[in-house]
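Dear colleague,

I am passing on the structure below, together with some notes on its aromatic rings and on one of its helices. Please read the notes with the model open beside them.

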Amino acid sequence: MGISQRTQPEAIEQLAQNIFADEAAEIDTVLAFEIPRTRAFMHLDTVFTQVDIDKFTVHPGILDTLRIFELTGKGRAEIHTREVSGSLAEVLARYLKLDSVQLIRCGGESEIAAEREQWNDGSNTLCIAPGVVVVYDRNYVTNQILEESGLHVLMMPSSELSRGRGGPRCMSMPLQRDAVRR
């Protein structure tokens, strides 16, 4: 979950507490990612989205400022919170129990492309199945990198949609999905 301009730490703690109190819940750890509190990064999915079991899109502008917190407390009266050390890739691999993860930078290595495509929600991808994403067609640098990373990229016209601010993930309804099998 993201700690951002619109999501306060107390809300994340309350949600974690509700999850941990549910005996049927299988979740025993919540990660909270603190991103810069700026309008450009309103929600976590505007700068960071899982697009496959081991792949994530990320806006490079958050990498040097990101703080990650672990919340635990299943079966306890109180939630325990601690800051997690390591790079974003290291933390994700550790908690997902993977050897490594790939961070796919919005705009690639170009700072100009990263800023331009972030403005058009280049990191805000809608993953409809592991490795299958819906993206805006106007983010051609990021989309090419996604394809080169082995993802199936479904591009949709976005000249008007992107003007409303919000990427494909932001503008989707919640989906009920079958469990992902590795």
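Is Phe48 buried or exposed, by its relative accessibility? Phe48 counts as buried, with 8% relative accessibility, where buried means under 20% relative accessible area, exposed over 50% and partly exposed in between (1.4 Å probe, protein chains only).

Before going further, please note that this is a predicted model, in which local features need pLDDT of at least 70 and side-chain atom pairs count only at pLDDT 80 or more, while totals for chains, interfaces and linings use all residues. Residues are numbered from 1 along each chain as its sequence is written, and side-chain values use heavy atoms, with hydrogens and water left out.

Phe48 and Phe56 form a stacked aromatic pair, 5.3 Å centre to centre with 10° between the planes; rings of Phe, Tyr and Trp (its six-membered ring) pair if their centres lie within 6.5 Å, and planes under 30 degrees apart count as stacked, over 60 as edge-to-face and the rest as tilted. By this rule there are 2 aromatic pairs, and the tilted one joins Phe33 to Phe48 at 5.3 Å centre to centre, with 50° between the planes. Ring pairs thus link Phe33, Phe48 and Phe56 into a cluster, and Phe33, at 5% relative accessibility, is buried as well.

Turning to helix H2 (residues 88-96), its buried residues are Leu88, Val91, Leu92 and Ala93, with helices (H or I, at least four residues) and strands (E, at least two) taken as DSSP runs numbered from the N terminus. Just after H2, Lys97 takes a positive phi of about 60°.

Best regards
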